[in-house]
Amino acid sequence: MKLWSISLRNLRVRLVATVLTMVSIVLATALYAAILTMSEQTEARYKGSIGGFQAVVGPKDASQLEVVLNTIFNVDVAPGLFPLRICTELRSGKSAGRRTQVRYAIPQARGDSVSRFNFPVIGTIDEMFSRFEWQYDGEKREPLRFQAGGPFVYAYDELLQLADGLAAYETAKRTEAPEPRPARPRIQPQWKKAVVGARVARTLGLGLGGTITPVHGKFGEFGYHEHPEATCEVVGILAPTNSPLDTTIFLPIGLHYLIDGHEGGVFLVETPPGKTPDDAKKLPVEAGRIGLTAIVVDPKDHFGARLLRQEFSSKEAQVAWPADVIPKFLQQVGNAADALAVIAWLVLLVAAISITVAIYNTMNERRREIAIMRSLGARRFQILAIIVGEAALLSCFGALLGLVACHGAMLALQGVVEDATGVYLEWAQFRVWEAWLLLGVTGLGAFAGLLPAIKGSMTQVADNLAQNY
């Protein structure tokens, strides 16, 4: 009989102790694999999602991390507003050196959402689909691709024209100008179009021709209400990107400004010295002071993002460089993951100790059995190999089941994790480190079985072969 088959038989004989000891190994291995997987896939998602965002302009009072997380990853609410004129200056190249010229500057305004999943609604222009470049394929830049349909049409010039009309209307209302006053711009039928991410379409069951209605606030919270006047037809569904773009809804930025309750609060008016905020509400507004939440920028120069951040000067806005902000953020996340990994290894260590104790405590019961094997010709080394083999097999089976449990949990919780964190778990993807983890846990178990194996191999035949009465 082969040595490993004897080890396997011994595990079956002591089935209850085997199962109880294996459970701790399964849990520890699954915990460690889950920590590594989440850390790895979180890092891949965050790093992979910033490929097309060379630089992001956001409000001055927010941190750069807040600007990046909100603009790129749809985390939390927009941290503030800054004026449209900054986008116009970037696009025109005013007050910018040769190395800080930009290829495009795409404005964004957000604040609403859709459904109980709180999919963010972003008002923007059609350059998001024609000029924004999502990823790099070698040296070729890749724009956003459509799974079905195509983009809506809304140009930057239309935004400027709308800003002029809104500013004239709002100024006349604030200053109580005599009649006839400028009319408030109206929502145009051709603006009521939307482009949705792949996950939005999948989750809400949307297809081309479907409709979505933006809501103010978050589902179930105080102040939550729909904007039926802004109900949009879905004209495009983006191809999956495994990024926050999959959970985003885009509509023309002009529609965002004309939603009921938005138009008056989107202008940024400074309160003059000696005046109160109530006084400021009666001051005229300027078209260039209409508020944005972010601008997606792509500098022409290779180092333009860094230079733009250093040279950009405004008391109301700042430039965030995602390629610098996200690695620092992930470093902090990585430190937490490392701490959790240490805890998982400590659990594995406790499981290894339990293997030592479980096998060591059976040595007294097995002295006669071992003595019989010795009398039949088994050598000390073979006895040692059998007992070490028991510990190794126990650890190997436990580690294997732990990895299976980890992947099973990822499959079962895939949707929950994506809703809570935005991280899509690739449950069917197996990695090289999983094989090393399996070997490592097996080796740790084998080492844990060494002490009882030495004790068993030292069993004296003459003292233990006779029947005890």
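This is a predicted model: local features need pLDDT of at least 70, side-chain atom pairs count only at pLDDT 80 or more; totals for chains, interfaces and linings use all residues.
By the ring-centre criterion, the count comes to 6 aromatic pairs. Among them, Phe117 and Phe119 form a stacked pair, with 5.5 Å centre to centre and 20° between the planes. Phe117 is partly exposed, at a relative accessible area of 26%, whereas Phe119 counts as buried at 2%. Phe129 and Phe152 form an edge-to-face pair, with 5.3 Å centre to centre and 85° between the planes. Phe129 belongs to helix H5 (residues 127–130) and Phe152 to the loop between strand E7 (146–149) and helix H6 (156–174), so this pair ties together parts 23 residues apart in sequence. Phe129 is buried, at 7% relative accessibility, and Phe152 is buried at 3%. Phe129 and Phe152 also belong to one aromatic cluster with Phe146 and Phe250.

In helix H4 (residues 85–92), the residues Ile86, Cys87 and Leu90 are buried. Viewed down the axis of H4, the buried residues fall within an arc of 100° and therefore line one face of the helix. The helix is followed by Gly93, which has a positive phi, near 80°. The charged end of Arg91 sits over the ring of Tyr156, 4.0 Å from its centre.

Leu349 lies in helix H11 (residues 322–360) and is partly exposed, with a relative accessible area of 43%. The C-alpha atom of Val357 is separated by 9.5 Å from that of Leu451, 94 residues apart along the chain. Leu451 is found in helix H15 (residues 450–457) and is exposed, with a relative accessible area of 52%.

Terms used: Residues are numbered from 1 along each chain as its sequence is written. Side-chain values use heavy atoms; hydrogens and water are left out. Buried means under 20% relative accessible area, exposed over 50%, partly exposed in between (1.4 Å probe, protein chains only). Helices (H or I, at least four residues) and strands (E, at least two) are DSSP runs, numbered from the N terminus. The arc is that of the directions from the helix axis to the C-beta atoms. Rings of Phe, Tyr and Trp (its six-membered ring) pair if their centres lie within 6.5 Å; planes under 30 degrees apart count as stacked, over 60 as edge-to-face and the rest as tilted. A charge sits over a ring if NZ of Lys or CZ of Arg is within 6 Å of the ring centre and within 35 degrees of the ring normal.
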